[in-house]
Every structure is written in structure tokens, then in C-alpha cells.
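Please work through the exercises below with the sequence and the structure at hand. Each task is followed by a solution in steps.

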Amino acid sequence: MSATNAAVVERWTPESRIAIAAAAVIVAVLAIGPAIFSANAVDKLTTLFIYVILALMWNALVGFCGLVSIGQQAFFGLGAYAAIRLADLGVSVYPSLFIGALIVGALSWPLSIVMLRLKGGEFAIGMWVVSELAHLLVNLDTLVRGETGTSLIELNAYSSGSRRALTYWCALGAMTGLLAIVFRLLRSPLGAAIQAIRDNEEAAESIGVRVAQAKRLVFTLAAFGAALAGALWVATALTFQPKAYFSPLWTAYMIFMALVGGLGTFEGAILGAVVFFAIETWFGDMGVWYLVGLGATALVFALLFPRGLWGWVEDSTSLRLLPIGYRLRLAADTRGEERKGAGGRGGPD
């Protein structure tokens, strides 16, 4: 039999089936976390879930669509602010976290019409300018009282244990939901389209990809996710100070997690968030040296592992845990080889 006749194009592999089953088990265990974990562990896991959301959203925007932004802290801060504003207006506090993120996501759609006219570095700097403008506008609200800030005092209606558990479940649900959305997006024809845009926007448009609509959708999704992360963060921290929530450090953290984990890989966002969380847990009390260490780590990975940890794993072992792209498996090749190109990472079921 010839090699051509022996070739099989596949998406689901034994490894991917095991990975999906393991992910379902992990989520099920995490769902009962407040009942089996200590209070400190629940708080730590809530923080990790928020980091995964941030890494996932920046990776979707930059790694898959090629829209480099250094101003995603705008949506992070606006999400926290919207939640506080809604709660102050009488909306139940936990629904306000999600409603506020939806409002910020909706506002990002008309903003995308303007911002996506910019290209490359202009877009990146333009998003930073948007962040600074959002910061200044939030400071004008008398509820916030400038840089003095305010608190999500409506959470005082809950006991500390109930508040901890509810915030944990909200963060877990938000992370799981956004992971599922991005996973489904990458498996769809739109997933192949946005990666084609990332590789060559003009070529993608020439073959019929609706570039503007696809970029706006990813921009809005990333804005919604960052806003939801900001709202969840204020539910854990209780206090809201604009300079902390609109700080460029948030985007720096997103960049670090995406680069270290593997830019443009689904698994890389999760791995990068775990690595960042571990570094912060162990070395976060070192002050400025902690930030120096993060920068040095990012530099090392950029030089030695340009595709990040998960990219290095993929290149070294051909391991693909999630059934996102297609693989061409030959009868004589037990590992298989994933088809290259934009279409190789997405497509219809």
C-alpha cells in the first residue's frame, strides 16, 4: 500500500480524548473546592482562575488574531468599575459582575470600529491611550472619588465564607465558560479565518475572509473577558482604586503569561497562567526584584523558547492534547504530523 493510501486525516486522537476526559474530571473536582479545600487554597485558586482568563483573552487577541494591544488594562479596570457602579445602583452584587462585563463588551464593539482602523504599532499605542482616557474618566465619578477609590461594600451582606465560595464559583464558571468559547471558536471556520488574518491580512481578505467582522468579534470577546476578570478581581479585593486597576502591569502580566506558556497555543495560556501564579506565590514578596525577575524570565523565554513552553513541547514531541487542528497520520508514523497553515488549527467539525 502506498504512503498516500495509508494517510489518515484526523482531529480526535487517543491523547485528546484522554485530555478532554481529564479536564472534565478536574473541573468537577474544582466545583466542590470550597467544601474540600482550605480558605487560603480557595482564595489562591480564585486568583489562578482570573489569571487564566487574562492569559486566554490576550492570547486570543494577539496569538490567534495578531492584534497586539498594550492597553487591555482599560477593559480590566472598566469591568471592575462597572460592577461597582451597578451594585451601587441596586443590582445584586454577583450578577453585577457579569452584567458589568457584558456592558463593557458591548461598548467595545463601537470602539473596535475606530481602533481597528489602526495597524501594528499604531493599534498597540492607541489601546494604551484608550486605557489612560478610561482611567481619567473613571476618576471623574464622584462615587470613585478620584484615586482615593471606593469599595464593593455590597459584599458585606455576605459572610466571609459565603463570599469566598460564591466568588470562587463565579471565577471557576467564568474561566470554564471562556475556555469553552475559545475552544469552540478555534474549531470553527472562523477560527481558521482569524489565524489567516494573523498570518497575512491581505491574503486572507483576497480569499473571502471578512477581515473587519472577524477582528471586531475577537476584539469584543477579549474586551469582555478582560472586563470579567476585572470584575472578579474587585470581588476578591473588595476595594477599587483606579490607578491599580488601570495599571499597565496588568497587560504586562498578560504578555508574560502568553509568551511563557506559548503564544498562539490554546494550552499555552493555561500553562503560562500556572507558571506566573507559581512565581508570584513564591517570589511576590520580593518587591522590585520580583518584577525584575519576571522581565528576565520573559527575556530568557523569548530568546531560548520563542514558542513558549507548550510550543517547545509540541515541537519536541508532536503532542497535541486538544482536538483543535487536524493531523495527518501515516501508517508508518505513530506520532503523526499536524498539517501546517491557518486551516490546520481550525475548521468545521
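**Exercise 1.** Determine how helix H5 and helix H7 pack against each other.

*Solution.* Step 1: in this predicted model, H5 covers residues 73–88 and H7 covers residues 120–139; helices are DSSP runs of H or I with at least four residues, numbered from the N terminus. Step 2: the two axes lie 8 Å apart, at an angle of about 25°. Axes are lines fitted to C-alpha atoms over the stretch in contact, and angles run from 0 to 180 degrees between N-to-C directions. Step 3: H5 and H7 are therefore roughly parallel, the term for angles under 35 degrees.

Step 1: on the H5 side, Gln73, Ala74, Phe75, Leu78 and Tyr81 take part, and they meet Met127, Trp128, Val130, Ser131, Ala134 and Val138 of H7; contact means heavy atoms within 4.5 Å. By class, this contact holds 9 nonpolar, 2 polar and no charged residues.

The model is predicted: local features need pLDDT of at least 70 and side-chain atom pairs pLDDT 80 or more, whereas totals for chains, interfaces and linings use all residues. Residues are numbered from 1 along each chain as its sequence is written, and side-chain values use heavy atoms, with hydrogens and water left out.

**Exercise 2.** Describe the packing of H4 and H9, and state what covers the buried residues of H9.

*Solution.* Step 1: helix H4 (residues 39–64) and helix H9 (residues 189–199) cross at roughly 60°, and their axes come within 8 Å. Step 3: Val62, Gly63 and Phe64 of H4 meet Ile194, Gln195 and Arg198 of H9. These residues divide into 3 nonpolar, 2 polar and 1 charged.

Step 1: the buried residues of H9 (buried means under 20% relative accessible area, with a 1.4 Å probe and protein chains only) are Gly191, Ala192, Ala193, Ile194, Gln195, Ala196 and Ile197. Their cover includes H4, helix H8 (160–187), helix H10 (201–206) and H11.

**Exercise 3.** Is Gly230 buried or exposed, and which residues does Gly230 touch?

*Solution.* Step 1: Gly230 is part of helix H11. Step 2: Gly230 counts as buried because its relative accessibility is 0%. Step 3: leaving aside residues up to four places away in sequence, Gly230 touches Phe76, Gly79, Ala80 and Tyr245. Step 4: the C-alpha atoms of Gly230 and Tyr81 are 8.3 Å apart, although 149 residues separate the two along the chain.

Terms used: Helix = DSSP H or I, 4+ residues; strand = E, 2+ residues; numbered from the N terminus. Parallel < 35°, antiparallel > 145°, perpendicular 65-115°, else oblique. Nonpolar A, V, L, I, M, F, W, Y, C, P; charged D, E, K, R; others polar. Buried < 20%, exposed > 50% of the residue type's maximum accessible area, 1.4 Å probe, protein only.
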